[in-house]
Amino acid sequence: MSTRFRGLRAVPGRWAPGGAVLLSGLLVVLGSVAGCGSSEPAVPQATRTAGAAVGTVSAAPDGVQEVTLETGDDYVFTPATFTVAPGRVRVTVRNLATRLTHNFVFPRGTGPAEISESIPALAPGDSDTIEFTVTATGDYRFECSFHAALGQVGTMTVSGP
Ligand SMILES: [Cu+2]
């Protein structure tokens, strides 16, 4: 068992003595964690090719800056970095996975300003869009909070005139 599952072990009642009980308890625990299968790659690795226009920041007809990110059965956002200007931003995240549930959040206290808009959960095959306004320039970390420890993080840079 690799150490990346260490955090899952704090489930009450699953760790009774005895190898067989231990093993079945572990399988139950792993199976019950949203989005976590049992054969994830140890190292974040994209398992898909980004679709057309993915990752390109463009101005929508209403003037809002738009960008689409993709994720899948891995721990990667494609792209993991993008740059916008101060103003209104619309981010769409597509989850192309068949197994993994992801989310998209700007963690509190990590950027030049708070961005409270988030996508709390994105089931396999779903996509969702959030819109927010940025004024402070700088780097804003974003992540899938389920898999941030496995490297599913990225940076939105706000670069001003
Ligand atoms: Cu994730």
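Core first: I found 22 residues in the largest nonpolar core, and V84, F104, Y140, F142 and M156 touch the most other members. For the record, a nonpolar core is a set of buried Ala, Val, Leu, Ile, Met, Phe, Trp, Tyr and Cys residues joined through C-beta atoms within 7 Å. At least two residues of this core come from each of β2 (65-71), β3 (81-84), β4 (87-95), β8 (138-143) and β9 (153-158). The largest share, three residues, is from β4. Strands here are DSSP runs of E, at least two residues, numbered from the N terminus.

A caution to myself: this is a predicted model, where local features need pLDDT of at least 70, side-chain atom pairs count only at pLDDT 80 or more, and totals for chains, interfaces and linings use all residues. Numbering runs from 1 along each chain as its sequence is written.

Next I looked up Y140. Leaving aside neighbours within four places in sequence, Y140 is in contact (C-beta atoms, placed from the backbone, within 7 Å) with F106, G111, P112, I115, T155, M156 and V158.

Then the sheet. I read an open one of four strands, order β1-β2-β4-β7, with mixed pairing. Its edge strands are β1 (58-59) and β7 (127-134), each pairing on one side only. Pairing needs at least two DSSP bridges between two strands; β4 and β7 have eight, antiparallel. R88 stands opposite T133 in β7.

Last, Q65, in strand β2. Is Q65 buried or exposed? Buried, because 20 other C-beta atoms lie within 10 Å of Q65; the cut-offs are 20 or more for buried, 12 or fewer for exposed, and partly exposed in between, with C-beta atoms placed from the backbone. Q65 and R90 are 25 residues apart in sequence but 6.0 Å apart in space, C-alpha to C-alpha.

Notes:
Contact = placed C-beta atoms within 7 Å.
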